[in-house]
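Hi there,

Here is the structure I promised to pass on. Have a look at it first, and then read my notes below.

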Amino acid sequence: MLRRLIAILTILIFPHISQAEYVVNENCIKAWQALLDLKITTAKKILDKELKENPKNYYAYYLDQTCDAYTLAINASEKDCDAFSKNFGRRRYIMDGKDTDSPYYLACESEMYLQMAILNIFNGDRLNGAQEAFKAYKALYRNVELFPDFALNKKLNGFFNVAIANLPPFAQSVAVNFGVKGNAKDGMRFLNEYFAEVKEYVGINAEAALFITLAYKLNKEPLKAYQFIQRQDSTLFDYRLINYFRSNTAYRSGNNEDAYNILMKFDLQGSEVPFISYDYLMGKILLRRLDKNAVDYLERFLDQTSRDNYLKEINFKLATFYLVNDNKLKFESFKEVSGESGDDLTERDREAMYDYELDYIPDNVLTKTRLLFDGGYFGRGGELLNSFDLDNDTFYPYKLEFLLLTGRYTEHTANFKKAIRNYKEVIEYGRDEYYYFASEAALRIGFIYLKTDRQKAKDYFEMARDLYESDYYQYIDDIARRELLLLEK
């Protein structure tokens, strides 16, 4: 059955393959399946076998690098990054100028350069990362010109469109100067078209689904990402990486209990690579449940990680854990570590820096309430919020956060008029304060009006951006900017 599917795939989905030395054969399909199930050692062995049998199957070299790229994304040491860079050069030396008439040639080159770009950027080398990304971009669009109907083009075309559309404003202006542009709506269309074309092909369909999920995450639409995965055939849930992202998108979209249940069924023992992302995510999920076991997972992640990304975030999560468990001494200790450790390349780390730089200690009850609301536990969170003692002498930032959380609760209960009043109070009292509360309140009013009054929605999204400061949580400005673009269209 598998051989028959590969034959159909070869003829219908991937044209020109009969004359090419880029062969998506049974070994490559099995390697894709193993990779997405985090059996990376198995995938590499399959590809070693393939390259011994077919040393000119250039698709296998591309897939071999993809295995290494996934390994680095999970947990990369400096030694691993150096090896990846050297192997990239070795593989391109083998592949460059070979079988250039194949539609796979530029498609694989483009994705390999993109993988190299992401590695450089995550290791702090933004200049080389940008240069590699531009090479990937040029290779892709040259291939689109040559082979406009080639299915693989749609995958990277979609991803580039979404990624470029979500660049920060300063980076977008640089991209435009280089003739690089992106449209998130077009990007999602390309990705969905690609997924539809490969939906019946095991392994490849799971990777296509993963790209759509990542694109939704880039576009700050985790709920759409989660809903997309949930709609798919259950056979996709046979892959550990898909299930991890099911849990991750559930967490990011406020479906924390779903995230917890999915991750509890995750077979960590079957992974052939140390999957520290499990501890990273489970610790954060348990923190939103106010579960005392969260500390074990967060600390284990810090013990095992070999890179600087997410150190600020997870150290501040530990600080938050101790705050809600009434240990202010450890809160202060981990807060300081958060400010001094790692880097701020990732959005999560930059969010931690905002929290680190606050000029006050967050309130215990309000922090618990926010964690519960973020996880979708509005019943427990509402009870806690009602226990908060608000009076005229309440510390000002606490008052603003209380009003914002009250608005979130009333919005959840569909009392939209009252929620708008709550949010407007936050804006009235907090617009001149150096905290994110007023900016987020305006964003939330914008979404309420989006259903009934597009002009008012536009006004409040613009207000959210006007009230936004560069050190606030980045998602506020990104989402407001995205919604304004959609409203203009």
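Leaving aside its neighbours within four places in sequence, which residues is Asn243 in contact with? They are Phe237, Ile262 and Phe266. Please keep in mind that this is a predicted model.

Staying with Asn243 for a moment, you will find this residue in helix α13, which covers residues 240–252. Asn243 has a relative accessibility of 15%, and because the cut-off for buried is under 20%, Asn243 counts as buried. The side chain of Asn243 also makes a polar contact of 2.9 Å with the side chain of Arg246.

Next, Tyr360. This residue sits in a loop, with α19 (347–356) on one side and α20 (364–375) on the other. Tyr360 is buried too, at a relative accessible area of 9%. Once the neighbours within four places in sequence are set aside, the contacts of Tyr360 are Phe395, Pro397, Tyr398, Tyr435 and Phe437.

Last, something on the surface. Ile118, Ile121 and Phe122 make up a nonpolar patch there, and together they have about 230 Å² of accessible area. Of these, Ile121 belongs to helix α6, residues 103–122. Is Ile121 buried, partly exposed or exposed? Its relative accessible area is 34%, so Ile121 is partly exposed.

Best wishes

How values were computed
Residues numbered from 1 in each chain as written. Predicted model: local features only at pLDDT ≥ 70, side-chain atom pairs only at ≥ 80, totals over all residues. Heavy atoms only, no water. Helix = DSSP H or I, 4+ residues; strand = E, 2+ residues; numbered from the N terminus. Buried < 20%, exposed > 50% of the residue type's maximum accessible area, 1.4 Å probe, protein only. Polar contact = N/O pair within 3.5 Å; in protein donor to acceptor, adjacent residues only side chain to side chain. Contact = heavy atoms within 4.5 Å. Patch = residues over 30% accessible without salt bridge, like charges linked within 9 Å, V, L, I, M, F, W, Y side chains within 5 Å. Areas by Shrake-Rupley, 256 points an atom, 1.4 Å probe, with all protein chains shown as cover. Salt bridge = Lys/Arg side-chain N within 4 Å of Asp/Glu carboxyl O.
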